[in-house]
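Colleague: Could you show me how to read pockets, cores and contacts in a model?

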Amino acid sequence: MKCLLTPFFLLASLQQQLPAAEPFVHPGIAHNQRSIDFIKGKLKAGQEPWTKLWKSCHAHKSAALDWKPQPRAKVERGVRNKPDIGGTEFLRDGDAAYTHALHWALTGEKAHARKSAEIILAWSHTLETVENHDAKLLVGMGGHKYCNAVELLKHSGDGWEGWTGKDQAAFESMLRKVWYPVIKDFYPSANGNWDAAMLQTMIAMGVVLDDRAIFDRATNYYLKGKGNGAVRNYFFPSGQCQESGRDQGHTQMGLEFLANTCETAWNQQLDLYGAYDKRLLKGFEYTAKYNLGHDVPYAPYKSFEGRYHYKSISDKGRGQLRAMFEKVYNHYHHRKGLTPNYTKMALDKTRPEEDGRGTLPWGSLMYTRQPSPSAGR
């Protein structure tokens with residue numbers, strides 16, 4: 001498969017790579033069956049670092065079988081998390097649902113499948129609204145986890161028989177009636193990590209719901225959306241990010257969410273990682289380099305509609321590397337044979353990736369030296 005290199009070829013390439021009638025690959029959000037089987041083989045053989053990483057995952061509080069979900073009918077989060085009514089619980093329960101589903105996928109232990117389903121269904125039958133300033137961001141950050149959990153329950157191995165059609169209908173109702181109306185139009189003028197968060201959840205929703213229209217809405221926005229989170233707007237060709245002049249924490253959030261979007265597309269036979277001459281990789285390399293203490297070029301950046309104008313690069317949060325580099329390094333190095341040096345140096349400082357906030361935990365366990373090709377390539 002050829003990488004997407006220039007805007008001129010994007011639409012034709014998309015049409016050739018992903019025909020509308022082509023079924024989705026399952027499992028196929030953050031993980032495919034090939035990647036799951038790879039990890040299972042390493043654990044069965046007692047190989048490192050996977051065995052040590054698995055022990056850490058298994059011992060974590062979110063993997064406990066006595067985990068109690070805390071669903072709310074009305075979730076609300078305002079500016080700077082004030083108020084926070086159910087928002088933290090929504091994110092934490094998403095971590096737990098995913099961690100238990102991962103246990104099921106890797107071990108076949110049905111107790112973990114039941115616990116994951118309990119958490120997901122508690123929210124599916126309870127949640128009515130997500131409101132206030134951070135509504136779009138919250139659904140974008142947390143929804144990705146729940147979608148991954150259901151995808152693993154339904155499709156890893158032979159699928160868990162305990163996930164019924166009635167359960168799927170309840171989950172689908174929450175996604176379509178509560179989540180999707182919040183994120184479907186993105187937030188073009190906000191800083192780009194907002195759009196990026198919504199992209200990772202929207203593309204995941206497309207897969208778990210087998211909904212081509214939702215999936216295509218996400219991929220089309222990633223490639224040619226008007227907002228700050230679309231790939232050409234979030235990055236200059238140099239790799240400078242729209243939020244590089246804001247602070248380094250939010251910049252890395254945007255990078256991470258866009259990488260999660262690319263990984264799902266990759267598992268569906270679509271290479272967003274390569275779009276616009278690997279613009280995502282340039283963003284990771286630029287940001288890693290700066291946060292490792294090196295100088296980088298910077299040009300004043302005015303965001304979409306001129307809402308933000310960052311005149312110089314920000315040193316706020318510089319050096320505080322987010323644990324987000326594993327899957328990106330795996331893709332560009334192990335799958336594509338490239339040498340992203342600054343990404344690798346940042347990865348060495350942040351391993352192991354686990355217990356992530358706002359994204360999927362257990363990145364080192366699930367993405368270390370994954371084989372290539374992936375998703376049937």
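Predicted model: local features only at pLDDT ≥ 70, side-chain atom pairs only at ≥ 80, totals over all residues.

Colleague: Which residues are the closest to the centre of the largest pocket?

Modeller: A pocket is an open set of points on a 1 Å grid over the protein atoms alone, where a 1.4 Å probe fits, with protein on both sides within 12 Å along at least five of seven lines; lining residues have an atom within 4 Å of a point. Here 21 residues line the largest pocket, and Arg-77, Asp-134, Leu-137, Arg-246 and His-250 are the closest to its centre.

Colleague: And what about the largest nonpolar core?

Modeller: Such a core is a set of buried Ala, Val, Leu, Ile, Met, Phe, Trp, Tyr and Cys residues joined through side-chain atoms within 4.5 Å. This one has 107 residues, and Leu-280 is among those with the most contacts inside it. Contact means heavy atoms within 4.5 Å. Beyond four places in sequence, the contacts of Leu-280 include Tyr-222, Phe-235 and Tyr-332.

Colleague: Why does Thr-368 count as buried?

Modeller: Buried means under 20% relative accessible area (1.4 Å probe, protein chains only). Thr-368 counts as buried because its relative accessibility is 3%. You'll find Thr-368 in the segment after helix H15 (363–367); helices are DSSP runs (H or I, at least four residues), numbered from the N terminus.

Definitions and conventions: Residues numbered from 1 in each chain as written. Heavy atoms only, no water. Buried < 20%, exposed > 50% of the residue type's maximum accessible area, 1.4 Å probe, protein only. Helix = DSSP H or I, 4+ residues; strand = E, 2+ residues; numbered from the N terminus.
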